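Please keep the sequence and the structure in view while reading.

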There are 2 protein chains.
Amino acid sequence: MDADDVFKALSDPTRRKLLDLLYEKNGQTLGELCANLDMARQSATQHLGILEAANLVSTVKRGREKLHFINPVPIHEVYERWVRKFEIQRLSLLHDLKKELEGE
Amino acid sequence: MDADDVFKALSDPTRRKLLDLLYEKNGQTLGELCANLDMARQSATQHLGILEAANLVSTVKRGREKLHFINPVPIHEVYERWVRKFEIQRLSLLHDLKKELEGE
DNA sequence: TTAATATGCAGTCATTTACCTGCATGTCAA
DNA sequence: TTGACATGCAGGTAAATGACTGCATATTAA
C-alpha cells in the first residue's frame, strides 16, 4: 500500500462522497455517480481515477458502461498502520499533558 | 470534527512523520522535531500549524520553547466515520464483484 | 545588559490540484 | 447503418500547496 496515495485520495470531499455513494450502492456506472455530484463528468472521471490509482475503487467494463466497486482493503491498511497505534495511547495522553503542565 | 482538515493534514508524508515522531516521544519542541526532518524550520512550522488546525496536535508554550502533543481523538473519529463502516462489508465485496462478472 | 537561542511572521515561487471546454472513440438500439 | 448514449482523452486555468529567504520578536544565560 502507498499511504500517500490513499490519504491524498481521501483528502478530497468529492472523492469521499463517491465512496459513500458506492457504499450505498456498489457497482454504479460513471453516469449514475455523476448524477449525484454537481460537476462536469470529466471532473468526476478524474476523481475516480485517483480513487482507482489508490486502489480504493476497482472497475469493470460492461459494454459501453464502466462499473465502479469499492475496495475497502486500503482503508483497512490505513487503519492498521495509522489508527490502531494511536488508539492504544489515546487514554494516556491527558496524563502526559497534565504532567507536562505541572513542570514535568 | 472537520474530516477535510484531518484528511488533508494526514495526506502529507512530512506531517505523518511528525505524528510518528510525536508518537515515539510526546511533547517535543519545534527544534527537536526539525532535527529529524530535512527542511527549513519555517516549513516544519507550517506543517505543524496544519496539524494543529486539524486538532491532531496541541501545543503548550514553555518559556521560549513550544511543546507539541499528539491528540489522537480526530484519528479516532475518522476511524468511526470512515473505516468501521467499510470494515463491515469488507468480506461481502468479492461476492458482489463475482456476481457482477457472472452477468448480475 | 548583551549575545545566543527558540520561535513567529511576511513575502516569493514552482508545482500540484481541481475544475473546466472541446473533441474523439466505442457501444447499443432502431 | 445511423443516431443516441456512455465514456475517454487532450489541453487550459485559477487557486491551493509546500518549499524557500529574510527579518522580527521573545526568552534565557553569561
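## Polar contacts with DNA strand D

A polar contact is a pair of N or O atoms within 3.5 Å. The model described here is predicted. In it, a polar side-chain atom of R64(B) lies 3.2 Å from a base oxygen of DNA strand D.

Phosphate oxygens of DNA strand D take part as well. One is 2.8 Å from a polar backbone atom of A40(B). For R15(B), the side chain is involved: one of its N or O atoms is 3.3 Å from a phosphate oxygen of DNA strand D.

## The surface near DNA strand D

DNA strand D is surrounded by 22 residues. The closest are G31(A) and R41(A) from one chain, and Q42(B), S43(B) and H47(B) from the other. Of the DNA strand D atoms that come within 4 Å of the protein, 60% belong to sugar and phosphate. Sorted by class, the surface near DNA strand D has 10 polar, 8 charged and 4 nonpolar residues.

Which elements supply at least two residues each of this surface? In chain A they are helix 3 (30-34), helix 4 (41-53) and strand 3 (65-70). In chain B they are helix 2 (13-24) and helix 4 (41-53). Helix 4 of chain B gives the most, with 5 residues.

## The cavity

The structure holds 1 cavity of 30 Å³ or more. The volume of the largest cavity is about 110 Å³. It is lined by 13 residues, and those closest to its centre are F7(A), V78(A), V83(A), F7(B) and V78(B).

Both chains contribute to the lining of the largest cavity: helix 1 (3-10) and helix 5 (73-88) of chain A, and helix 1 (3-10) and helix 5 (73-88) of chain B, each supply at least two residues. How many residues of each class are found in this lining? There are 13 nonpolar residues, no polar residues and no charged residues.

## The sheet in chain B

In chain B, 3 strands form an open sheet, with antiparallel pairing and the order 1-3-2. Strand 1 (28-29) and strand 2 (57-62) of chain B are the edge strands, and each pairs on one side only. In general, strands of a sheet pair through backbone hydrogen bonds.

Strand 2 of chain B runs antiparallel to strand 3 (residues 65-70) of chain B, and 6 bridges join the two. As for K61(B), its bridge partner in strand 3 of chain B is K66(B).

Conventions: Residues are numbered from 1 along each chain as its sequence is written. Chains are lettered from A and ligands numbered from 1 in the order in which they are written. This is a predicted model: local features need pLDDT of at least 70, side-chain atom pairs count only at pLDDT 80 or more; totals for chains, interfaces and linings use all residues. Side-chain values use heavy atoms; hydrogens and water are left out. On a 1 Å grid over the protein atoms alone, a cavity is a set of points where a 1.4 Å probe fits but cannot get out, and a pocket is an open set with protein on both sides within 12 Å along at least five of seven lines; lining residues have an atom within 4 Å of a point. Grid points are joined across faces, edges and corners, and a volume is the space filled by probe spheres set on the points. Helices (H or I, at least four residues) and strands (E, at least two) are DSSP runs, numbered from the N terminus. Ala, Val, Leu, Ile, Met, Phe, Trp, Tyr, Cys and Pro count as nonpolar, Asp, Glu, Lys and Arg as charged, and the others, Gly among them, as polar. A residue is near a molecule or strand if one of its heavy atoms lies within 4 Å of it. A polar contact is a pair of N or O atoms within 3.5 Å; within protein, one must be able to donate a hydrogen and the other to accept it, and residues adjacent in sequence count only if both atoms are side-chain atoms. Two strands pair if DSSP finds at least two bridges between them.
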